[in-house]
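Here's a quick tour of a chain you can follow with the viewer open. Keep the sequence handy as you read.

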Amino acid sequence: MNADTVKLLVMENIMLQPSADAYIMVQSFLDYQVERKKYGKIEVVSMPSDQYTLELTNLTVGRLDRKRSRVTGLVVGDTEVVLQDRSILMYVCCVDVCVV
């Protein structure tokens with residue numbers, strides 16, 4: 001009889017703030033913060049981080065300053081801010097940004 005293998009993935013309770021969809025004007029910006037809930041308390045994750053990275057899905061609409069976790073609107077349109085875990089190459093969470 002062959003042994004079965006089970007892979008268990010335990011995810012942290014991690015959030016991107018602001019967590020709601022955002023509307024910004026062209027040439028305005030919005031700063032994001034990564035937060036982790038641990039033992040019932042919220043702690044801020046310093047970015048840039050060895051474990052997490054922020055990405056934009058549409059680079060023509062916005063610009064991401066990774067050192068400040070800041071998204072600046074470039075032209076009218078939609079993009080997403082995506083928080084990715086580098087250790088498992090997986091999206092953790094994302095929020096929409098609409099540039100108006």
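## Ground rules

This is a predicted model, where local features need pLDDT of at least 70 and side-chain atom pairs count only at pLDDT 80 or more, while totals for chains, interfaces and linings use all residues. Residues are numbered from 1 along each chain as its sequence is written, and side-chain values use heavy atoms, with hydrogens and water left out.

## The open sheet

Strands here are DSSP runs (E, at least two residues), numbered from the N terminus. Two of them count as paired if DSSP finds at least two bridges between them. By that rule, four strands make an open sheet with mixed pairing, in the order β2-β10-β9-β6. The edges belong to β2 (22-24) and β6 (52-56); each has a single partner strand, so one side of each has no neighbour in the sheet. On average, neighbouring strands in this sheet are turned by 25° against each other, direction ignored (axes are lines fitted to C-alpha atoms, and angles run from 0 to 180 degrees between N-to-C directions).

Zoom in on β6 and you'll find it running antiparallel to β9 (residues 77-85), with five bridges joining the two. Here Leu 54 sits opposite Leu 83 in β9.

## Strand β1 and its partner

In a regular strand, side chains alternate between the two faces of the sheet. Strand β1 (residues 13-17) has Ile 14 and Leu 16 on a covered face, with Asn 13, Met 15 and Gln 17 on an uncovered one. β1 pairs with β4 (residues 33-38) in the antiparallel sense, over five bridges. Look across from Ile 14 and its bridge partner in β4 is Arg 36.

A nonpolar core means a set of buried Ala, Val, Leu, Ile, Met, Phe, Trp, Tyr and Cys residues joined through side-chain atoms within 4.5 Å. Buried is under 20% relative accessible area, exposed is over 50%, and partly exposed lies in between (1.4 Å probe, protein chains only). The largest such core has 19 residues, and those with the most contacts inside it include Leu 16, Val 34, Leu 54, Val 81 and Leu 83. β1, β2, β6, β9 and β10 (90-99) each give two or more residues to this core.

## A residue in a loop

Gln 51 is in the loop between β5 (41-45) and β6, and is partly exposed at 29% relative accessible area. Gln 51 and Arg 86 are 35 residues apart in sequence, yet 5.3 Å apart in space, C-alpha to C-alpha. Gln 51 also touches Glu 12, Gln 84, Asp 85 and Ser 87, among others.

Most residues other than glycine have a negative phi, and most peptide bonds are trans. Which bonds and residues go the other way here? The peptide bond from Gln 17 to Pro 18 is cis, with omega near 0°, and so is the one from Met 47 to Pro 48. Pro 18 is in the loop between β1 and β2, and Pro 48 in the loop between β5 and β6.

Tyr 39, though not a glycine, has a positive phi of about 55°; Ser 69 also has a positive phi of about 55°. Tyr 39 is exposed at 81% relative accessible area, whereas Ser 69 is buried at 4%.

Key. Contact means heavy atoms within 4.5 Å. Lists of a residue's contacts leave out its neighbours within four places in sequence.
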